[in-house]
Amino acid sequence: MENKQFKKKDVSQDEQYEVLSTDTPVPHPPARPVSSPDNRPMPSNPASLPGNTVTSRRQFSLPGIMPVEPIPSSPDNTFTPPPRQQFSLPGIMSAEPHSLPGNAPLPSGPVSSPNNTFSPPRQFSSPGNTFMPVGPHSLPGNAPLPSGSISSPGNTFMPTGPHSLPGNPPAPKSAEQQFPPYVNGYMQHRPAGPHSLPGNPLQPAPIEQAPQPNYTDMPYAQSQLPTNQMATMNNASMPYSPPIIPNPASNLTPQFAGEASMDEVSPLQKLLPGFLQRLFGVVVTRAQAPEPEQWSNTLRLKAVATQTHVMGWLPLLALLDALGLLIAVFGCAYSINTSSDGQFFLWLGLAVIFGPSFFRLLSPIASRFERVGILCSVGLFTYFTKIILSPLHFIFIDEYFHLRTIDDIQRTGHLFSENSMLVVSPLYPGLEIVTNALQTLSGTDATTAGLIVAGFSRIVMLLSLFLLYEQITKSARIAGIATILYMTNLGFFLFNALFVYETLGLAFGAVIFFILARTETVDKGGRWLLFASWVTTGALVITHHVSDFFFLGFLILWAIIHKWLRQPLLRSGAAGTALVGIILSIGWVALVAQPVVVYLVAPMNDAISGLGSVLSGIGTARHLFADATGGHPTPLWLRLMMLFSMALTVLSIPFGALCVWHRYRYKALPLMFGLMALAYPLTQAFRVVNDPAGISDRFTPYIYIAVGFALATFISQMWPIRGLKWTQALTITVAASIIFLGGNMLGSGPSWTLMPGNYVVGGDAPRTIDPESIQAATWTLARLGPNNRVATDRTNRLIMGTYGQQRIVTAPDDKIYISPVFYSQKFEDWQVSILQSAQIRYLVVDQRLSTSLPLQSYYFDQGEPEAENLSTPISQQALTKFNTVPHINRVFDSGDIVIYDVGALVNASKKS
């Protein structure tokens, strides 16, 4: 087989390699260079100097000298020394044993050659005999010297160990004396040397950290590869790591370079119990490890021997992802056909998708291409799992808001049309512009185009996060772990897979962060990258308000930390991009999106005041693990998964932030991530209050960019790859799977929010948005025309506003509650006044509302007066009273859904 050479691309904590040729030797780090006659270093592994052929392992040949170990017979076949690591210089024969001319053997040990030049085992002599190795030697005339002494040409005795040059005082201590070979029972790594060139004193190198060798210029030891073959690594990260050699005479535990002693206990640590003291000590010690991603030689050889293809496990994992999707499909079919909860199969399928992929990403031998493929596969198959819940139409309320905006753009050809269901949706049309362009070019319907845009945004976000984390850590392994840990946030499976403007906003924000992180490392093209970040910031400003404000806050904090670290702000571009974003955001809100201020401030005030009431004891906390009515309790196994997930995340974040501090304390961006990760537990406090806006859920996808990085740093520091065992990797995978499943269970809500099945009242899921409602809406558009003012319940107004393209009357937009018209048992004159004030033309009544209480605590509008004391469902009599009112005509009746025309009644009242 032919050998392959790899060239280093960005020397850093992790080395990236690419195949250059198939005819040149394979690079390998040198070890213990030796000085040759012309002062060129020679590695201890197979190498050759000009004019000589490569010898076997750990052998050397100099110009005109035969290779050593094994040493072939001399020209007259007088001797063949035993195989040992020996060296020969010009005119000198190998040492221990030696023979003089005439084949008279010399004894082992001190040796005298014909010209009194000495070459004892493992020692070197420069061409001019400027220094001689340790050991008893003889002077000219073969007069023996005392043991442990050396004589220079002037017969000046020097002590054993350090050597002196002719006429000079003793040289400094040798490396063996300054730096003992064993520390805590384990051989420490020293830079090569010390060696002395002719006429120069010894220069022992200090021991701080193993130097990173130049892989490009040094040949690799071919004999260390199995059968002299090397698999294609394709940019696998394999930084050089010196072996840790145990001292056979010591029983101590190995201590890596840079780790603090476990015996050092801080005063704060002494206050903890003994078990927690030891745990805290281990975490602090591992957090201080400087290079947890360094490879051991054994691990490097294993990677070379096992990695035969850059795709690695990717085909097998893609097959497992498809199996997980099939299990989820079975769960949906089970729910529909048996009217039972098939949620178990849904989460089982997601576990099959996530678990094996995370386990493989922990492996240090996976290639960069394989890691990227695994992340894309997990992202796509979790997205497909969301789609199979309702493959033909959107199923959640937020998706219908943007579907209506797309229909308005498609119908009118203009932006900023009125959308009464979500006032701010037309004011941030970035998502709708992209979807409408795809719809126009491809000829697909709005639903299909929206699903494609949401899926593409998901992949862009994941790839941008991977590149961002890789730019910070210089490790494809840590970047892959951090990206898949981001998928454990509670909105990843469901909310961030919806056709909403937050999905595209997250993708834009991740791209901005990656571009700015890249500008800190490039020497050329930084201005173009900075300009690209400004353009992407502009796209983010017109796409999503919350994403815009969050990422602007991150950029401002990033710039502040830059200033605190006394680093130049212009180098990163964070300050400039933040300034551009602030100007664009203020201008957009002032000129176009004025209603967004009230839209965002009102729910934040409600959430903060509600949290304050609960903490002060004035208010009551909401029902946990149940819907708004207190019914439909969550199964016990789901509760345990959610609690374990939240506990593991919250307990791991402080340790992750500690690891980030020790490893990246002088880098602004990772330090900012560490600080933001600590804010995650605080955002979850809003879960104890009635928070219809979902403040906790809205914050999580942004803060989890920092949480994923902190958790990945914690894993890499606590379990370095040089000592990672498969049992440890399996344990980490189980913990991460619990976080993934529990977090997404918490963000997805109860089973009626997810699984298809029988109709339920007042939900936003497959069981509420059904074909009967869609058929009524399409009939309305075809027979009654668009933009009629319609009053109906919260579920049917979504469908009427999108499929029917009607103008829905809502309390936030029209400043009037229409719920009393439906709640009243009789139809009276004051109800006519409400119809006239709201200018309502049609009433859409769903008779199924009387079957149960609404799952979202209200039937029509949030905050409606009747919802506060609602203990029984709305009566059937209240819903059917319109049948007996004069001037109200029933124009549509599907059995459950009835449409009434009240235009004649409203117009008649106006005339009178």
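Asn787 is found in the loop between α23 (771-784) and β14 (789-791). This residue belongs to a predicted model of a protein chain with 29 helices and 18 strands. Of the chain's 912 residues, 51% count as buried. Among contacts between residues at least 6 apart in sequence, 67% join residues at least 24 apart.

- Most residues other than glycine have a negative phi.
- Asn787 is not a glycine, yet its phi is positive, at about 65°.
- With a relative accessible area of 42%, Asn787 is partly exposed, because that value falls between the cut-offs of 20% for buried and 50% for exposed.
- Lys474 also has a positive phi, near 60°, and is a residue other than glycine.
- The loop that holds Lys474 runs between α10 (446-473) and α11 (476-486).
- Lys474 has a relative accessible area of 28% and is therefore partly exposed.

**Nonpolar cores**

- The largest nonpolar core has 102 residues, and those touching the most other members are Trp347, Phe358, Met461, Phe513, Leu669, Met672 and Phe673.
- Helix α21 (residues 695-718) gives the most to this core, with 13 residues.
- Another core, of 41 residues, lies apart from the largest one and includes Tyr428, Leu451, Tyr501 and Leu798.
- Beyond its neighbours within four places in sequence, Met672 is in contact with Phe513, Phe554, Leu557, Trp558 and Ile561.

- Trp558 sits in helix α14 (residues 545-564).
- Because its relative accessibility is 0%, Trp558 counts as buried.
- Trp558 and Leu569 are 11 residues apart along the chain, and 9.6 Å separates their C-alpha atoms.
- Asp408 is located in helix α8.
- A relative accessibility of 2% means that Asp408, too, counts as buried.
- With neighbours within four places in sequence left aside, the contacts of Asp408 are Gly413, His414, Ser417 and Glu418.

**Helix pair α8 and α9**

- Two packed helices are described by the angle between their axes and the distance between the axes.
- For helix α8 (residues 397-412) and helix α9 (residues 430-442), the packing angle is about 60° and the axes are 10 Å apart.
- The crossing in which α8 passes α9 is right-handed.
- On the α8 side, His402, Thr405, Ile406, Ile409 and Gln410 take part, and they meet Leu431, Glu432, Thr435, Asn436, Gln439 and Thr440 in α9.
- Sorted by class, this contact of α8 with α9 has 3 nonpolar, 7 polar and 1 charged residues.

**Helix pair α18 and α19**

- Helix α18 (residues 636-664) packs with helix α19 (residues 668-677) at an angle of about 160°, and their axes are 9 Å apart.
- That angle makes α18 roughly antiparallel to α19.
- In this pair, α18 passes α19 in a left-handed crossing.
- The residues of α18 that meet α19 are Ile653, Ala657, Val660, Trp661 and Tyr664, and their partners in α19 are Pro670, Leu671, Gly674 and Ala677.
- The contact of α18 with α19 comprises 8 nonpolar residues, 1 polar residue and no charged residues.

**Helix pair α11 and α21**

- Helices α11 and α21 pack with axes 8 Å apart, at an angle of about 135°.
- This makes α11 oblique to α21.
- The two helices, α11 and α21, form a right-handed crossing.
- From α11 the contact uses Arg477, Ile478, Ile481, Ala482, Leu485 and Tyr486, while α21 supplies Pro701, Tyr704, Ile705, Gly708, Phe709, Leu711, Ala712, Ile715 and Ser716.
- By class, 12 nonpolar, 2 polar and 1 charged residues make up the contact of α11 with α21.

Terms used: Residues are numbered from 1 along each chain as its sequence is written. This is a predicted model: local features need pLDDT of at least 70, side-chain atom pairs count only at pLDDT 80 or more; totals for chains, interfaces and linings use all residues. Side-chain values use heavy atoms; hydrogens and water are left out. Axes are lines fitted to C-alpha atoms, for helices over the stretch in contact, and angles run from 0 to 180 degrees between N-to-C directions. Helices (H or I, at least four residues) and strands (E, at least two) are DSSP runs, numbered from the N terminus. A crossing is left-handed if the near helix is turned anticlockwise from the far one by less than a right angle, and right-handed if clockwise. Contact means heavy atoms within 4.5 Å. Ala, Val, Leu, Ile, Met, Phe, Trp, Tyr, Cys and Pro count as nonpolar, Asp, Glu, Lys and Arg as charged, and the others, Gly among them, as polar. A nonpolar core is a set of buried Ala, Val, Leu, Ile, Met, Phe, Trp, Tyr and Cys residues joined through side-chain atoms within 4.5 Å. Buried means under 20% relative accessible area, exposed over 50%, partly exposed in between (1.4 Å probe, protein chains only). Angles under 35 degrees count as roughly parallel, over 145 as roughly antiparallel, 65 to 115 as roughly perpendicular and the rest as oblique.
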